[in-house]
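Student: Could you walk me through this structure? I'd like to go over the side-chain contacts and a bit of the strand pairing.

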Amino acid sequence: MTKSTLFLILLALVDVAASSKKDTSNREKRDAVLIRSKRRWVLSTIDLEENMPGPYPAIVTQMYNDKKEDNSVKFRIKGDGVTQGPIGLFTIEENSGIVYVHRPIDRETNPIFHVDFDVLDRLTGATLDKTLSFNVEIKDKNDNSPQFTPSTIHAPVPENTPEGVLQAALQAHDIDLKDTPNSQFTMKVVSQDPASPKFTLKDLPSTTTVKQLAFTGCFDYDKTKQYKVLVEARDQGTPTMSSTATVIVDITDSNTHPPEFSSAMYNTEVMEMELKEILRIGIKDKDTPNMPGSRAVFSILKGNEEGNYKIETDSKTNEGVLSVIKGKNFEKTEVTELEIAVENEEKLFRCVDGKAITGPTPKPNTAKVSVKVIDVNDPPVFKKQIEKVYRNENGPLGDVLFVPEIKDEDSDVNKLRYELVQDPAKWVSVDSKTGKITTVQKMDRESSFIKNGTYTVVVHAIDDGQPPATGTCTVVVYLGDQNDNAPYLVSKNAVMCGNKVNRVDVKPTDLDGPPFAGPFTFSLGGEEELKSLWKLDPTTGTNTSLISLTSLPYGSYSVPLKIQDQQGLQAEDVLQVVVCECTGINTCRGRLPFSSRLGPAAIGLLFAGLLLLALLLLFCFLFECQSKNFQHIPLNLQDEGNQTLVKYNEEGGGSIYKPEPVFWKESLKTPSTLPEYAVTDGYRKGENGTLRSPAGYNFQYNFQEMSSGGGVMSMPHHNWSTVQRERNESRQMSRSYSLARTERNLAEHIERKISGFPEEQRDYPAYSPYQYEYEGRGSDCQSLDQLTVSNLGDNLDFLQNLGPKFSNLGGICQQSMERRNVRL
């Protein structure tokens with residue numbers, strides 16, 4: 001036998017052994033499932049009824065378990081009524097298993113209880129068996145009566161309600177066990193007051209707990225206004241239980257009494273053609289006032305075929321108010337008889353012998369009214385109240401616009417007189433006898449009195465009756481337009497912002513209407529050279545634009561224009577154009593307002609200023625007249641030359657420090673008084689910005705603007721803000737002393753003063769001098785640029801004749817120094 005054969009035999013044996021073992025295991029399991037087990041719990045029936053009379057605690061049942069061996073086990077209970085509400089209702093004696101109930105049970109509150117029982121080892125407390133759970137149902141007892149919701153019902157019922165079901169429902173409910181005799185009940189009417197009409201209950205479909213109140217017969221509000229009905233609900237339990245509800249039926253008044261007139265005949269009168277209230281008619285009604293059953297409704301049955309009258313109800317008094325709404329003419333009718341009827345808003349309800357009567361409504365109560373028409377003077381009547389007349393404007397004078405056609409039933413039309421009552425423009429006149437309206441002035445369609453192309457004239461016709469009566473006619477004249485107005489500019493002034501645009505809008509208008517107005521034709525007037533500066537674009541239309549062809553200097557320009565309307569009527573106008581630089585929309589820079597208005601306060605201040613100025617001038621005059629040292633300085637005006645006030649541009653830069661002025665004396669001492677600040681012509685401007693002094697020295701300078709608005713002159717390499725002081729000092733010197741200074745002394749003095757200033761007061765401008773253009777005529781003397789020490793030496797004779805301007809300046813300085821007692 002080979003090895004492979006032996007291996008196969010061993011595998012077969014192993015498989016057989018495993019299969020046998022598996023079958024044995026499955027059989028054991030099946031046998032275990034089919035083993036019958038003995039019942040472990042023994043439970044007596046728990047039978048509880050609600051609201052048991054007691055005494056308590058009462059035994060409910062006793063529990064048994066086959067695990068119990070003598071006293072080795074104990075019982076435990078839990079669930080509803082034990083550990084859950086209502087707590088303490090059930091308990092169990094742990095040794096015997098007896099279950100107790102401790103108080104009555106209301107089924108309507110707790111219809112069922114879920115309770116769990118356990119058996120435990122007395123020593124260890126271990127659970128010995130599975131928990132026993134069951135529901136304890138409480139048996140119902142008829143301890144609740146049916147209850148109405150609500151117990152009192154109020155039901156308002158109209159008096160005219162037909163017999164049958166009322167809008168009053170009664171509902172009851174019994175909380176005992178559903179679908180048992182204890183909860184099933186019936187309802188019925190047990191009593192009512194008063195006894196008639198008879199009330200009963202009707203079933204409401206698809207429900208047994210709701211009933212409706214019904215009655216037979218009819219109500220009488222005048223006899224009984226309220227009914228009380230007692231309804232009972234009784235169940236079918238043992239013993240039966242019941243309850244009652246009260247239904248209060250309130251009767252509301254209806255129209256059971258027809259209205260009646262206070263009188264069967266009424267008389268009244270009215271003036272002919274007069275419109276007003278002529279009669280008030282009272283009624284009687286026994287129904288409740290201010291209710292639909294008593295409110296009156298009047299109607300005119302006869303006599304009002306032409307609709308001259310109407311009758312209404314006064315809501316406060318319930319009277320009938322008869323009025324004339326269309327005038328009655330005496331010549332046609334003298335007396336009118338009206339038949340008037342009255343009813344109520346609500347239909348009349350009738351009940352006979354306890355039964356409502358149906359059928360046609362009886363006829364309403366009626367009365368007769370006699371209306372007498374009193375004759376009065378009838379006014380004249382125009383054929384038409386409004387007459388339309390069509391004319392062209394600017395028609396000829398004396399044109400007849402209107403001849404009236406008029407009639408008067410009680411007056412002679414030949415004796416009528418006519419008056420104009422409306423002619424605002426005084427364009428027409430009326431013939432007082434014939435009423436003919438004619439024009440006395442030309443009628444202008446563009447006048448302010450024309451409204452929508454019409455002119456309105458109102459004329460009266462007055463008869464000779466007593467009192468006189470007046471008829472009115474309105475004549476509306478429709479005026480046709482003519483081309484009698486040339487076009488013109490809406491505005492003749494315009495602003496062209498030269499820095500923004502090169503055109504201005506031109507807007508014409510024409511008082512005439514189409515087709516005598518726009519579109520317009522535009523062209524330039526004036527000379528041909530105007531076309532090289534301006535053009536109009538477009539040349540036709542409702543408006544155009546004036547366009548500048550070149551860059552125009554800022555200023556005002558007058559541009560003549562020609563404007564022609566659609567029919568060729570031409571007008572010439574001039575447009576004033578201001579060309580400027582604008583800061584806003586058509587607002588020139590720096591442009592002042594055209595006008596201003598002064599208030600009372602401003603006018604008062606103006607007069608006060610003028611008065612103060614006059615007082616100041618008077619004071620100066622008195623002061624000058626009282627001066628003892630007054631000296632007249634003759635001025636040779638013929639030698640003055642051309643005096644020119646020149647305003648130069650100003651430069652910033654230089655020091656704003658003003659040093660103390662020093663007057664030149666032989667001892668070089670500082671005076672105690674300060675000279676007046678002034679710029680004199682003693683220093684003249686030379687070529688290349690040089691400053692020429694009387695002593696002949698040449699200085700380079702710059703004139704710099706100070707923050708205060710004044711100016712100083714500065715020089716390179718030195719703090720030349722002291723030049724102003726030197727100029728002031730030179731103005732205070734007499735000409736004899738100034739000419740006595742030698743070149744050496746003058747140079748030493750200037751150098752000494754400059755070196756004496758503190759370092760912080762010295763200023764060195766950082767730019768070259770600025771040369772201004774010279775205006776006016778210079779001095780007639782020899783140029784100071786040519787006067788130098790090197791070529792003249794000590795010869796100062798040239799200073800004796802420096803020209804008329806320098807002489808005048810010296811005289812003024814001399815006079816000022818003498819007034820202030822300044823000694824040199």
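Tutor: What follows is a short talk about salt bridges, aromatic pairs and one hairpin. This is a predicted model, in which local features need pLDDT of at least 70 and side-chain atom pairs count only at pLDDT 80 or more, while totals for chains, interfaces and linings use all residues. Residues are numbered from 1 along each chain as its sequence is written, and side-chain values use heavy atoms, with hydrogens and water left out.

Student: How many salt bridges does a search of the whole structure find?

Tutor: The search finds 16, where a salt bridge is a side-chain nitrogen of Lys or Arg within 4 Å of a carboxyl oxygen of Asp or Glu. In one of them, arginine 280 meets aspartate 314 at 2.9 Å, N to O. That pair links distant parts of the chain, since arginine 280 is in strand β19 (residues 277-281) and aspartate 314 is in the loop between β22 (309-313) and β23 (320-324), 34 residues apart; strands are DSSP runs of E, at least two residues long, numbered from the N terminus.

Student: Is aspartate 314 buried or exposed?

Tutor: Aspartate 314 is buried, with a relative accessible area of 17%, whereas arginine 280 is partly exposed at 37%. Buried means under 20% relative accessible area, exposed over 50%, and partly exposed in between, with a 1.4 Å probe and protein chains only.

Student: OK, switching to rings. How many aromatic pairs are there?

Tutor: The structure holds eleven; rings of Phe, Tyr and Trp (its six-membered ring) pair if their centres lie within 6.5 Å, and planes under 30 degrees apart count as stacked, over 60 as edge-to-face and the rest as tilted. Tyrosine 390 and tyrosine 478 form a stacked pair, 5.0 Å centre to centre with 20 degrees between the planes. Tyrosine 390 lies in strand β29 (residues 386-392) and tyrosine 478 in strand β36 (residues 470-480), so this pair ties together parts that are 88 residues apart in sequence.

Student: And how accessible is tyrosine 390?

Tutor: Tyrosine 390 counts as exposed at 55% relative accessibility, and tyrosine 478 is partly exposed at 30%.

Student: Last topic, the hairpin. Which strands form it, and which residue in the turn has a positive phi?

Tutor: β5 and β6 form the hairpin with five residues between them, and glycine 97 in the turn has a positive phi of about 80 degrees. Three bridges join β5 (residues 90-92) to β6, and the two run antiparallel; two strands pair if DSSP finds at least two bridges between them. Threonine 91 has tyrosine 100 as its bridge partner in β6.

Methods
Helix = DSSP H or I, 4+ residues; strand = E, 2+ residues; numbered from the N terminus.
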